Amino acid sequence: MKRIVSIAVANLLVIGLTPAAHAVSAAPASARDVYADYAELSAHEVEGRDYRRVRRVPRGAKVAHIAIHGGAIEAPTSQLADQAAGRRHAYYSFEGIKATGNSALHITSTHFDEPKALKVVAAVDYTVSWHAAAGADATTYVGGRDKALVRRVTAGLRAAGFPVSASVPEEIGGDSPRNIANRNRRGMGVQLEISRGQRERFFDGGKLNRAWIEDPANRTKAFYRYVAAVNRALG
């Protein structure tokens, strides 16, 4: 993605048609998030009707793949994180399951404090946090505090034929110690911000609506090659 745009405005135009992309404006979280934290969200939204929490933690897992804006909040981050985790790594997803308006469930990464997610991340050494960014061009922004892993993931994706931006905008850089990606045992993780143009290449016809992405039959080879490249970087 060559141009960063605020998706908050875009969501107003497409609400109910396509899942929201990741909000990448430089505005503070309070200006774009409906809820300040999980406690506030859970006081107004109903689990099982509006959202769900999914986790899977194999014994001895040292890596967690997480999608804190999963489901119809940022498509298809749940599917990517789930595939990457497989049976070897831990998996967590906070998923929007409303018929419309799932962008209201977005809690920015530095404020995301859902207890089950914090527990999963605190128990591992490495974290990959999957997100969606705006932009028609296929690219990925690789951020986070684990700079060694950032370099390996960047190199791995490029070697597999996936464009990676040479720089990451500060607002999606994932550098804050408060970012859930960095709250593992080592205090540093990786945050993947994947442009819409890239995400569309993961599914036949470029469709990102909920019903389409939830059917594995609609995944392209690029979906699996991308996930495999990330996992190879993890070793």
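# Rings and cores in a predicted chain

Phenylalanine 223 has a relative accessible area of 0%, so this residue is buried (under 20% relative accessible area; over 50% is exposed and the range in between is partly exposed, with a 1.4 Å probe and protein chains only). The model is predicted: local features need pLDDT of at least 70, side-chain atom pairs count only at pLDDT 80 or more, and totals for chains, interfaces and linings use all residues. Residues are numbered from 1 along each chain as its sequence is written, and side-chain values use heavy atoms, without hydrogens or water.

**Overall layout**

- The protein chain contains nine helices and six strands (DSSP runs numbered from the N terminus: H or I of at least four residues for helices, E of at least two for strands).
- Of its 235 residues, 54% count as buried.
- Among contacts (heavy atoms within 4.5 Å) with a separation of 6 or more, 78% are between residues 24 or more positions apart.

**Aromatic pairs**

- There are 11 aromatic pairs in the structure (Phe, Tyr or six-membered Trp rings with centres within 6.5 Å; stacked under 30 degrees between planes, edge-to-face over 60, tilted for the rest).
- Tyrosine 51 and phenylalanine 94 form a stacked pair, because their ring centres are 5.0 Å apart and their planes meet at 25 degrees.
- This pair ties together parts 43 residues apart in sequence, because tyrosine 51 lies in strand 1 (residues 51-56) and phenylalanine 94 in strand 3 (residues 90-96).
- Tyrosine 51 is buried at 2% relative accessibility, and phenylalanine 94 is buried at 0%.
- Phenylalanine 203 and phenylalanine 223 make an edge-to-face pair, with 5.8 Å between centres and 65 degrees between planes.
- Phenylalanine 203 is in the loop between helix 7 (196-200) and helix 8 (210-213), while phenylalanine 223 is in helix 9 (residues 221-234), 20 residues apart.
- Phenylalanine 203 is also buried, with a relative accessible area of 2%.
- Both residues belong to a cluster linked by ring pairs, together with Trp130, Phe162, Phe202, Tyr224 and Tyr226.

**Nonpolar cores**

- The largest nonpolar core has 33 residues (buried Ala, Val, Leu, Ile, Met, Phe, Trp, Tyr and Cys joined through side-chain atoms within 4.5 Å).
- Trp130, Val142, Leu157, Leu192, Phe202 and Tyr226 have the most contacts inside this core.
- Strand 2 (63-71), helix 4, strand 4 (126-133), helix 6 (147-159), strand 6 (190-195) and helix 9 each supply at least two of its residues.
- Helix 9 gives the most to this core, with eight residues.
- Another core, apart from the largest one, has 20 residues, including Ala90, Tyr92, Ile107 and Ile180.

**Contacts of single residues**

- Glutamine 198 is found in helix 7 and is buried, with a relative accessible area of 2%.
- Not counting residues up to four places away in sequence, glutamine 198 touches Asp137, Ala138, Thr139, Thr140, Phe162, Pro163 and Tyr226.

**Helix 4**

- In helix 4 (residues 77-85), seven of the nine residues are buried: Thr77, Ser78, Gln79, Leu80, Ala81, Ala84 and Ala85.
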